[in-house]
Amino acid sequence: MKTQSSAIAPSRIAVNGRPKASLGTLQAALGVTAFSLTFPATAWGLEGFGPWSLVAVRSVLAALIAGVCLLSLRVPLPARRHWAGLAVVAGGVVVGFPLLTTLALQTSTTAHAAVVVGLLPLTTALMSALRVGTRPSRTFWVAALAGAAAVLAFTVQQSGGALSTADIYLFAALLVCAAGYTEGGRLARVMPGWQVIGWALALCLPLTVPAAVAALSFEPVQLTFHSVAGVLWVAAGSQFLGLVVWYRGMAAIGIPKASQLQLAQPLLTLVWSVLLLGEQLTVAAPLTAAAVLVCIAVTQRARG
């Protein structure tokens, strides 16, 4: 979730004219923790909801939370020139990534998905370079390709020599989410980051409400503790509140320090997959995740 540090007005988190670094670090860490729980929570949600119902319901619930915040704070509508960018954010972050990863998690373990999606910071950096027209250094490209090669080797090895359908969903999710993050980062230069995701969620309501009604009428639903908790977390925790504290943390401590915290996200998801889902990790999963983290750290240093 790498956007500009101006995403949230500094006055809201400032103490004596300056943001508290310790509070900002805590907020950014809470955001990373919220995101790391997304895949385990999705797996819980799939115990009682179909994939289409889960994605549609989570989007509607998150939009309702965002709508209450936007209305209560009387936030004005974004300028017309920003709606195209918000549509890209909505397509990538609100619909595309949740749908594709949910479809993947029907047959993939959360540990496997966490390793593959660990490439997201690299994919976002590449997408940003293409969108903005910057020219990263040779070191950046070497590290990015090394990280991609590590994940590709892992997925092929785990899938018995060929990419599975779940892997295709996950790689597609990387692309659409990177596009959404890149466009969201651009928009966060002109409006607070939480408003970017809030308006993107609201923009999807004409699609997600009828989709939720239709999906719930065709897919059976079992309301268990796991399924309800999973849906509530991915809606409130992952898709909205996690983003709020993440943007506030970045505003306080800056993007470089916050992004270092985000390097722990894939490994945290591996821990949750064991503790919450009882998954058995192969040796390749944490080793590949660590290799990707090293590559991401190199690309960040190369970007300056």
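A helix axis is a line fitted to C-alpha atoms over the stretch in contact, and the angle between two axes runs from 0 to 180 degrees between N-to-C directions. Keep that in mind for the helix pairs below. The structure above is a predicted model.

Start with helix H5, residues 110-117. This helix packs against helix H7, residues 138-158. Their axes are 9 Å apart, and the angle is about 155 degrees. That makes H5 roughly antiparallel to H7, because angles over 145 degrees count that way. The crossing of H5 and H7 is left-handed.

How many residues of H5 are buried? Eight of its eight residues are, so the helix is mostly covered. Look for them in the model: Thr110, Ala111, His112, Ala113, Ala114, Val115, Val116 and Val117.

Now find helix H4, residues 83-104, and helix H8, residues 165-187. Their axes are 8 Å apart, at an angle of about 155 degrees. H4 is therefore roughly antiparallel to H8. Their crossing is left-handed.

Valine 176 is part of H8. Is valine 176 buried, partly exposed or exposed? Its relative accessible area is 29%, so valine 176 is partly exposed. The cut-offs explain the label: buried means under 20%, and exposed means over 50%. Valine 176 and leucine 100 are 76 residues apart in sequence. In space, their C-alpha atoms are 9.4 Å apart.

Next comes a pair that crosses at another kind of angle. Helix H3 covers residues 51-72, and helix H9 covers residues 193-218. The axes of H3 and H9 come within 7 Å and cross at roughly 140 degrees.

Leucine 54 lies in H3. With a relative accessible area of 1%, leucine 54 is buried. Leucine 54 is 176 residues from glycine 230 in sequence, yet the two are 9.2 Å apart in space, C-alpha to C-alpha.

Leucine 216 sits in H9. At a relative accessible area of 38%, leucine 216 is partly exposed. Leucine 216 also belongs to a nonpolar patch on the surface.

Finish with the loops. Arginine 74 is in the loop between H3 and H4. Most residues other than glycine have a negative phi. Arginine 74 has a positive phi of about 55 degrees, although it is not a glycine. Its relative accessibility is 74%, so arginine 74 counts as exposed.

Where is glutamine 280 found? Glutamine 280 is in the loop between helix H12 (265-275) and helix H13 (284-302). Glutamine 280 counts as exposed, at 74% relative accessibility. Glutamine 280 and leucine 270 are ten residues apart in sequence. From C-alpha to C-alpha, glutamine 280 and leucine 270 are 9.8 Å apart.

Terms used: Residues are numbered from 1 along each chain as its sequence is written. This is a predicted model: local features need pLDDT of at least 70, side-chain atom pairs count only at pLDDT 80 or more; totals for chains, interfaces and linings use all residues. Side-chain values use heavy atoms; hydrogens and water are left out. Patches are made of residues with over 30% relative accessible area and no salt bridge: like charges are joined within 9 Å, nonpolar side chains (Val, Leu, Ile, Met, Phe, Trp, Tyr) within 5 Å. Accessible areas come from the Shrake-Rupley method with a 1.4 Å probe; for residues, only the protein chains shown count as cover. A salt bridge is a side-chain nitrogen of Lys or Arg within 4 Å of a carboxyl oxygen of Asp or Glu. Helices (H or I, at least four residues) and strands (E, at least two) are DSSP runs, numbered from the N terminus. Buried means under 20% relative accessible area, exposed over 50%, partly exposed in between (1.4 Å probe, protein chains only). Angles under 35 degrees count as roughly parallel, over 145 as roughly antiparallel, 65 to 115 as roughly perpendicular and the rest as oblique. A crossing is left-handed if the near helix is turned anticlockwise from the far one by less than a right angle, and right-handed if clockwise.
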